[in-house]
Structures are given as C-alpha cells and as structure tokens.
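Please read the points below alongside the model. They cover the ligand site, an annotated domain, the salt bridges and a surface patch.

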Amino acid sequence: MKTIFENGGEGRAAVQFSDDQYPTEAPKIEDRFRRKNLKIPEVSEIEVVRHYTTLSKRNYGVDLGFYPLGSCTMKYNPKVNEDMAKLEGFTNIHPMQPEELSQGALQMLFELQEMMKEITGFDAFSLQPAAGAHGELVGVMMIKAYFQKHDKKRKKILIPDSAHGTNPASVTLCGLETQEVKSDGNGNVDLNDLRQKMNDETAGLMLTNPNTLGLFDQNIIEICKIVHEKGGLVYCDGANLNAMVGVTKPRDAGFDIMHVNFHKTFSTPHGCGGPGAGGVGVVGKLASFLPKPMVNQTNGMYHLDYNIPDSIGKVKSYYGNFGVLVKAYTYIRALGPDGLKRVGQNAVLNANYMRVKLMKHFDLPYKRICQHEFVISDRNMPNGVTTMDLAKRLLDYGYHSPTIYFPLIVHGAIMIEPTETETRETMDSFIETMLKILQEAQTTPELVKGAPHTLPVKRLDGVKAAREPVLTAR
Ligand SMILES: *Cc1c(COP(=O)(O)O)cnc(C)c1O
C-alpha cells in the first residue's frame, strides 16, 4: 500500500477556496519563521477518502467481528452511548467553568457515583482514575495512606500467582512490597498458604474475583475473614465485574476497596491505549482517603467537594475521563437493574457454552463451571503446534485472537471471553474454526506454524514489534 505522500500530485487539493475566503490582511510573519518548502501530501478528496478507508479496513474491532480477548471484555458498545457523549451540553462545557453553569455534568457524575455504590455495595465511589491499572494504583495509595495513619509497620501486599501483572506493578510503584500467594488445585487461593503468609506486617491482599482463570473463588468469605482477623484490608481487582454485575455485590463478600474498569463492564470502546475509566469504591473507614474532589449535592445544587481530610490528593486532570463516564452512565441507565443482571448471567452462560464444547477437544486444566471467561491449555495440540500458532491461524479465519500465555500458571494458556453480546451462531462458528485448526495441526502443521497467511503483515517478532516499532514508511 502506498503512503499518503506517494499519492496525488503537485497542486492537487481536496478543497478549493474562492478569493473572498482568503483573509484580506494576511498576518505578517517574519521570513525567519517561514519554511521554504513543506512536504505535505497534495491529494484530491477521493484519494484521501480511499487512502484512509483502506487503512481503517486493516484494523480489527468489535464492530467488525468476534473479539474473544479474555480479561478484556470486548463487548459490543451500543451506539447510543456515543450519541449521549456527543450532546452539546457535554461537549461544549469547560472544566474550569463555574459550578452553577455545569450542573448537568455534575449531576451526571453524582448519579454515576450513586449507581456505582449501589452496584458494588461500597459506601463511597470515586470516578477519577483513568483506567483499571490507575484505579489499582489509587487503591494501593489509599491502603498505604491508611496504614501510614493507623499501623505503620504494614508494608506488604499479598497477591495470588494468577494475578494480572498490573497488580504487583501497582504495589511496587507505591513503595510497598509484594508477596505471592499460591493457588490450590481448584484454582482458588490456597487457604493454608494465605494463613501462613498473613501477619502483622501485611497491609492486605489484592485479589481478582472472579479470578483470571475465570473462576469465582469459592472461599471468598473465608479469605476476607483471614485477612481481616489479622488486621489487613482486602482489595478487589474488579476487572471481571462483568460476570457478577447485577447479580452480587463485591462488598458483600467482604472486600474493603475495589476498582472497576468502566470500559470493560460498562461498554465503552477500548484497546490500543484508548481512553478508559477505573473508578474506585471503598468502605466507610477508607472514604476519607479518596482522591479529591468528589461530587456532592447540597440543597439541590451539585458541587465539587475538596473537603476530604486524609485524601491522597488529585490523581487525574479535572474529574476523570468525562466522556467515558457519560458512556458508562448511559449504558447503566439504558439497561436498568434487570438488564444489568442479564448482562452478568448471559456473560456466564455464553462462556460456559463455549467451555463445554471446547473441553471435549482441548485440555481444560480447571474443570469447573466458569464465570465470564475460561482458560484452556496447549496440552492436546499435536506436532509441536503452539498456542501462538493457533492464535495466529485464527487471524486468517477473520477472528481476533483470544488472550494467550496468561495467566502464567497455565501452560500455553488460551483465555476465551465471548461476552454476553455474542450470538450463538457466532460462538458456534468460532468453535468450529478452533476444531478445524486443531485438525490442520494434525494433518498440515506447517500451515498453522506459518500463519498468518492472509494479513498485510506476516508473523512478527512480538517483542521487537513492541519495543522497536517502525512507525514511519521507509
Ligand atoms: C484489564 C485488567 C487490568 C488493567 O486494567 P486497564 O483498564 O487495562 O488498566 C487489571 N487487572 C485485570 C484482571 C484486568 O483484566
């Protein structure tokens, strides 16, 4: 494909100005600031349109096809969310505008805080953090601040071996120390290991529930009890809230603090580093440590509340990723409590449908009813065909790959999350394709090992592509 610079020709343009559209008095710019020649593409409108439309077709997104990327909840994002985020009342205001002139925006934030309290069960909820990982950082900063005030020697955070890499990263970034807790044979936290490691230097446990194996920890009540009895706090990585939204509240299990990935559970487009939101909910005793400001209401007026005595401070410019929050608000209001419950139920139903069909042919290390995702391994793949090969071959068939090689405790992990928005037909054709690739691995393994064959770029060196990307056309 040509670059935009190789298209077009001298003097060609997509717009034509009439003489009266030029300013009569051109601003005087000194010669030394003027470039003699500026290499910009000179292209006609149709060349511009074709160029960028062709480029956009090389991308892959939820609007194009099935995106079973485990842990990421790549569900369909209803377009009504975009319409609401585009309302002039939201797009034409400025965060520095007086509160009296931003009542609608503040009301939206306040109501979203309230709805999140209801959904998660927590006493207070901040919408400020910009992503899940940022929510974790904020949560751990709050835990640290809490123990700075109450019990300075608590400096360790326990993290299960199945955890997302951002968990230990957040802890380390905060200057606390991580300690790993083992999983047991059922994919739950190993209670004996937890009991042994939980002591008076432990600030708490950071737990993903449902965990990254897609399993709801059956001992969650007991786990929280063990940590609480020894004076620690329990943090919930809420990235997997999609499985239980509307069905159960994390607070009821005993969690003290939790982040929620709005862009996952509450359907806003994400991936490729796009905007997100990672709000944090807390129990009453941690509320005074939340980032400031919070949005409050007095006498029918909404206002920003900076009076938060132990606050860890501001963690994001202005009030968070506002547009993302509008989309999440719209999604929650559009579905209502019954709709949200069906999200959780159908997400779990879809994942189990796929799990049962695939486990007849692929190795499923933890043979339990799963939540909204499940993990298979590469154990039954013949002729040295790897998880990577399978993932690349799926691209040839027009699918996004599932999450691979995560969690680390499963050999050659393939983590599949269909989400509630997919039809049975879509799931069936994906399953069929998985089985077809398994057969190819048997009969023509080289075909699978050489995949992808149909994409603009063939198999990349993943590490080099991430660390030394070449972003310019040569
Ligand atoms: C996605 C995810 C995160 C990180 O969230 P971001 O919004 O991507 O920063 C953390 N933990 C788990 C389990 C996740 O799935």
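1. A residue is called buried under 20% relative accessible area, exposed over 50%, and partly exposed in between. Lys249, at 29% relative accessibility, is therefore partly exposed. The model is a predicted one.

2. The ligand is surrounded by 13 residues, and the closest are Ser71, Gly132, Asp237, His263 and Lys264. A polar side-chain atom of His263 lies 2.7 Å from a ligand oxygen, and a polar side-chain atom of Asn261 lies 2.9 Å from one. The ligand taken alone exposes 380 Å², of which the protein buries 87%.

3. An unreviewed UniProt entry lists Lys264 as "modified residue: N6-(pyridoxal phosphate)lysine". In the model Lys264 is placed in helix 10, residues 262-265. Lys264 counts as buried because its relative accessibility is 10%.

4. The unreviewed UniProt entry also lists residues 345-443 as "domain: Glycine dehydrogenase C-terminal". This span is 44% helix and 8% strand, and its end C-alpha atoms lie 39 Å apart.

5. The count of salt bridges comes to 22. One of them joins Glu114 and Lys117, with the closest N and O atoms 3.0 Å apart. These two residues are separated by about one helical turn, because they are three residues apart in helix 4 (residues 103-120). Glu114 is partly exposed, with a relative accessible area of 32%, and Lys117 is partly exposed at 24%.

6. Which parts of the chain does the salt bridge between Glu118 and Lys249 tie together? The N to O distance in this pair is 3.3 Å. Glu118 lies in helix 4, and Lys249 in the loop between strand 5 (233-237) and helix 9 (250-253), so the bridge ties together parts that are 131 residues apart in sequence. Glu118 is exposed, with a relative accessible area of 52%.

7. Asp193 and Lys197 also form a salt bridge, their closest N and O atoms being 2.9 Å apart. Both lie in helix 7 (residues 191-197), four residues apart, or about one turn of the helix. Elsewhere, a network of salt bridges links Asp151, Lys153 and Arg154.

8. On the surface, Met1, Tyr52 and Leu55 form a nonpolar patch with about 300 Å² of accessible area together. Tyr52 belongs to helix 1, residues 45-56, and counts as partly exposed at 45% relative accessibility.

Conventions
Residues numbered from 1 in each chain as written. Predicted model: local features only at pLDDT ≥ 70, side-chain atom pairs only at ≥ 80, totals over all residues. Heavy atoms only, no water. Patch = residues over 30% accessible without salt bridge, like charges linked within 9 Å, V, L, I, M, F, W, Y side chains within 5 Å. Areas by Shrake-Rupley, 256 points an atom, 1.4 Å probe, with all protein chains shown as cover. Salt bridge = Lys/Arg side-chain N within 4 Å of Asp/Glu carboxyl O. Buried < 20%, exposed > 50% of the residue type's maximum accessible area, 1.4 Å probe, protein only. Near = heavy atom within 4 Å. Polar contact = N/O pair within 3.5 Å; in protein donor to acceptor, adjacent residues only side chain to side chain. UniProt positions renumbered as here; feature names shortened; annotations may be inferred.
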